[in-house]
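Welcome! Let us take a walk through a protein structure together, starting with the whole and then turning to one pair of neighbours.

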Amino acid sequence: MFLDLLTAMLWSMSPFGEAKVGIPYALLNGVNIYLALIFSFLANLLVFPFMNFFFDKANRYFLKWYYYKKAALFVGRRAKAGAGKNVKKYGFWGLMVFVAMPVPGTGVYAGTIAGYLFGLDRKKAFFANAIGILISCLIVWVATLTAMRI
């Protein structure tokens, strides 16, 4: 069970699925339903401080490289396109709703990037991401548990 929980946490921290993959993985592998929710949520939430550290320190150095800069601009444009109108208009609430939608491209990675690009206060951006992640995790958790009972 420990290895399955650890794997679920790694999926939840991964940009390739976040908790949208971590929670179903844990539940389908027999992890306690409450541990799956809590640890996947916390692992997904850990992405925010790591991303902000990256933006503060490493990003400035890497932007000097052509291919990194090209990739960063591509990701930035996608985050602005996905969250731009709502975050610009509604700020905290727009970012929270954007992160809360459990669909591809709307997780904590895109939410952190959008908050950074639109200059949201870091504490507000953190709480918007945290509440959004919690809502998204609850939706995925309930949906997975429901599907497992059918």
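Predicted model: local features only at pLDDT ≥ 70, side-chain atom pairs only at ≥ 80, totals over all residues.

What is the chain built from, in helices and strands? The secondary structure comes to 8 helices and 0 strands.

Next, consider the overall dimensions. Along the principal axes, the C-alpha atoms of the protein chain fill a box of roughly 50 × 30 × 25 Å. The radius of gyration is 16 Å, which agrees with the value near 15 Å that a compact globule of 150 residues would have. Of these 150 residues, 40% are buried.

Now let us zoom in on two helices. Two packed helices are described by the angle between their axes and the distance between those axes. Here, helix 1 covers residues 2–13 and helix 2 covers residues 19–28; their axes come within 7 Å and cross at roughly 165°. Because angles over 145 degrees count as roughly antiparallel, helix 1 is roughly antiparallel to helix 2. The crossing of the two is right-handed.

Which residues make the contact? Helix 1 contributes D4, T7, A8, W11 and S12, while helix 2 brings A19, V21, G22, Y25 and A26. Sorted by class, the contact of helix 1 with helix 2 has 6 nonpolar, 3 polar and 1 charged residues.

Methods:
Residues numbered from 1 in each chain as written. Heavy atoms only, no water. Axes fitted to C-alpha atoms, helices over the stretch in contact; angles between N-to-C directions. Helix = DSSP H or I, 4+ residues; strand = E, 2+ residues; numbered from the N terminus. Parallel < 35°, antiparallel > 145°, perpendicular 65-115°, else oblique. Left-handed = near helix turned anticlockwise from the far one by under 90°. Contact = heavy atoms within 4.5 Å. Nonpolar A, V, L, I, M, F, W, Y, C, P; charged D, E, K, R; others polar. Rg over C-alpha atoms; globule rule 2.2 N^0.38 Å. Buried < 20%, exposed > 50% of the residue type's maximum accessible area, 1.4 Å probe, protein only.
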